[in-house]
Amino acid sequence: MKKINVSVAAVLLAGSVMCSSCIGSFSLLNKYAKWQKNMTNNKFVNGIVGLILVLPVGGICFTVDAFVLNTIEFWSGSNPLAQGTTTTVKGQDGRYYAVTMLKNGYEVKAPTGEVTLFLHDEATDSWAMLQNGQTKELFRFNADGTIQANLQDGKSLTLTRDEAGMNQLREAVMNDQNFFALR
């Protein structure tokens, strides 16, 4: 009777893990796939080696991602392998920026080579921008559930964490801009 209960419990546990709908980023598997595509300059060699390694290495990467890394990502909110990854993002100006994920924020490198850091301070629960050796706090989360946003003109604004707060911030930022009408 004990063997049946243990077997049933094992099957139920495995089923609950497989049906938990926790999809995650699969960063280890994606890093392996990126490495496999770019390991040589010849795409045919990459394909042949990829076919040879797909079961042992790909299977291990998938299993570790599915059961360990994605679980950590689900419960903690961050993936342990995401730190140090760089993504290219097209800005509103049409230029491409390199965004690197750091342990406590992001590094943004402009096409001109200028580097800007966006850093999170856990002690104050705030985000700041570090550029040209100068640090400017952008906003902080208050204990009462509001957000204190610091505007470019030096004023600060306390907002609620909802659409009304976002509209209030948009209005404050837009009023700070000078617009001219042309005829």
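The largest pocket holds about 540 Å³ of space. A pocket here is an open set of points on a 1 Å grid over the protein atoms alone, with protein on both sides within 12 Å along at least five of seven lines. This is a predicted model, in which local features need pLDDT of at least 70, side-chain atom pairs count only at pLDDT 80 or more, and totals for chains, interfaces and linings use all residues. Residues are numbered from 1 along each chain as its sequence is written, and side-chain values use heavy atoms, without hydrogens and water.

Which residues lie nearest the centre of the largest pocket? They are Leu138, Phe139, Ala149, Asn150 and Leu169, out of 23 lining residues (lining means an atom within 4 Å of a point). Helix 4 gives the most to this lining, with 5 residues. Strand 4 (115-121), strand 5 (126-131), strand 6 (134-141), strand 7 (147-150) and helix 4 (163-175) each supply at least two.

Now the whole chain. It has 4 helices and 8 strands, which are DSSP runs (helices H or I, at least four residues; strands E, at least two). Along the sequence the pattern reads α-α-α-β-β-β-β-β-β-β-β-α. Of the 183 residues, 17% count as buried (under 20% relative accessible area, with a 1.4 Å probe and protein chains only).

Next, helix 3 (residues 43-76), where Phe67 is found. Is Phe67 buried, exposed or partly exposed? Phe67 is partly exposed, because its relative accessible area is 45%, between the limits of 20% for buried and 50% for exposed.

Technical notes
On a 1 Å grid over the protein atoms alone, a cavity is a set of points where a 1.4 Å probe fits but cannot get out, and a pocket is an open set with protein on both sides within 12 Å along at least five of seven lines; lining residues have an atom within 4 Å of a point. Grid points are joined across faces, edges and corners, and a volume is the space filled by probe spheres set on the points.
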